[in-house]
Amino acid sequence: MTDDIQSAARVGIGGPVGSGKTALLEGLVPRLMQQGIEVAVVTNDLLTQEDADRLRRKGFLPSERIVGVETGSCPHTAIREDPTMNLLAVQDLERLIPQLDLVFIESGGDNLASTFSYDLVDTYIFVIDVGAGDDIPRKNGPGFMQADLVVINKVDIAPYVGADLAVIRREVAARRREKPVAYTNCKTGEGLDQVVYFISETVLFQTSQTAVKVI
Amino acid sequence: MTGNRSVLDSRLALMQLSDSFFPSGSFTLSHGLESLAHSGQIQSPQDFQDFLHILLYQKVGSSDLVALLHAYQASQSAALDEIRQADLSLFAQTLIQPVREAQGKSGRALLMVARSTWPDRQLDWLADQISVGQCHGLHPVVFAVVGRAAGLEPSDILLAYLHSFVTGLCGAAIRLGVLGHLKAQLVLKAIAPELETVIAQATDLTLEDMWTCTPLIDIAQMGHQHLPQRQFMT
Ligand SMILES: Nc1nc2c(ncn2[C@@H]2O[C@H](COP(=O)(O)OP(=O)(O)OP(=O)(O)O)[C@@H](O)[C@H]2O)c(=O)[nH]1
Ligand SMILES: [Mg+2]
């Protein structure tokens, strides 16, 4: 019955509070739409529908393509141990918009340990910002280490917070080895093409690999 | 030997289904607690215990469990129409829109995980019914069919349902700062003997007799979506 609905690709966006997850979405969505890709977004706000509302106000996506899910103040549970409410939100979007190609799931801001379940997403991006210090890569947080793509955001403010981008680049390369990294400034769009490229290459031109079929 | 084996299986299935680790989205529900805590009507562990008491006797035991039991018996005898009837009756009984929505969402969440854990024809049928809008898939009804599919005794299904409900609420209360982890365990222990009474009450009712009377909590549920800050879906 529902099993014959084609699944959209699912991309998780995680990372600490304020690192720029929503800003990244604001940059990515219009770029993907320009390529004719049908996009929707699920946000997991910690306390309110703030991120969902902010994206709606931007107006680049019809408001029915933006869904906020309350997470009972457990942002990591909602993307890993019990992602069922997020899966239902994705499923509702797929029903409403059968031609959907891609759903982003923005996690509520969390810590360096937050990782996504691959029963929820096909791939995920971990966003950190240089304002949190150039020693973040050295902390070996599981989110940072395991994510399929790491985005180092707010490169523009590095000089003002005393963060050395050269140090970050070196540490990241040493720790993540060949796993991809993008350096971005979401205010200007710098580096976003790389993220778009990553998404296209990893998930877009194949159907969802997610194992759990939902009702 | 095989007898022991199936008793063991059933006990383990009971623990699996009633474990708060079982993924069914229940950690996103506060059943009105968030509103009441926000407005200062629930502040202490005692307030919380009173709240549980009211919910158990005047809602869960007098309607949710009744629908659950009915759905279980229907599922046991493969009377699919009767399962649907339990769902529709409970829906008609649940007047608060956000509560209906939450019951439907947690029912679907449970069904999604249960179908992949305990493959079963009736669970597939239920999913189809929900997707074509013939059934709402309310949580107690889905729970009944899942319990049957997992091979649980009816008394165990009722206990599992109540245990998950009460522990889920304790978790919400801790996150809302109403009580701490030690008090939460004391509340669980204090409420335990009452669960049997609640079950007995439900056993005596038919679908037509279902009732609820929790005006304060209902009003809180209706006001919930207008809270300036929300952690929970209800
Ligand atoms: N200078 C600069 N500011 C940025 C950049 N990206 C985001 N910001 C700002 O950083 C702040 C936080 O950005 P958000 O996109 O809300 O961060 P978030 O990760 O979604 O935050 P939460 O959802 O609350 O965890 C906002 O004020 C953004 O305008 C960037 O590349 N450069
Ligand atoms: Mg955000």
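Predicted model: local features only at pLDDT ≥ 70, side-chain atom pairs only at ≥ 80, totals over all residues.
Modeller: The lining of the largest pocket divides into 19 nonpolar, 17 polar and seven charged residues.

Biologist: What makes a lining residue count as charged?

Modeller: Its type. Asp, Glu, Lys and Arg count as charged.

Biologist: What is the volume of the largest pocket?

Modeller: About 830 Å³. Of the 43 residues that line the pocket, the closest to its centre are B:Ser26, B:Ser164, B:Phe165, B:Thr167 and B:Gly168. Elements that give two or more residues to the lining include helix 3 (45-76), helix 5 (97-117) and helix 9 (181-203) of chain B.

Biologist: Which helix gives the most to that lining?

Modeller: Helix 8 of chain B, with 11 residues.

Biologist: Why is A:Asn140 called partly exposed?

Modeller: Its relative accessibility is 38%. Buried means under 20%, exposed over 50%. The value falls in between, so A:Asn140 counts as partly exposed.

Biologist: Where is A:Asn140 found?

Modeller: In the loop between strand 5 (123-129) and helix 5 (142-146) of chain A. A:Asn140 has a positive phi of about 55 degrees, yet is not a glycine.

Biologist: Why is B:His31 called partly exposed?

Modeller: Its relative accessible area is 22%. Buried needs under 20%. Exposed needs over 50%.

Biologist: What is the phi of B:His31?

Modeller: Positive, about 55 degrees, although B:His31 is not a glycine. B:His31 is found in the loop between helix 1 (2-18) and helix 2 (33-38) of chain B.

Note on methods:
Residues numbered from 1 in each chain as written. Chains lettered and ligands numbered in written order. Heavy atoms only, no water. Helix = DSSP H or I, 4+ residues; strand = E, 2+ residues; numbered from the N terminus. Buried < 20%, exposed > 50% of the residue type's maximum accessible area, 1.4 Å probe, protein only. 1 Å grid on protein atoms, 1.4 Å probe; cavity = no way out; pocket = protein on both sides within 12 Å on 5 of 7 lines; lining within 4 Å. Points joined across faces, edges and corners; volume = space filled by probe spheres on them.
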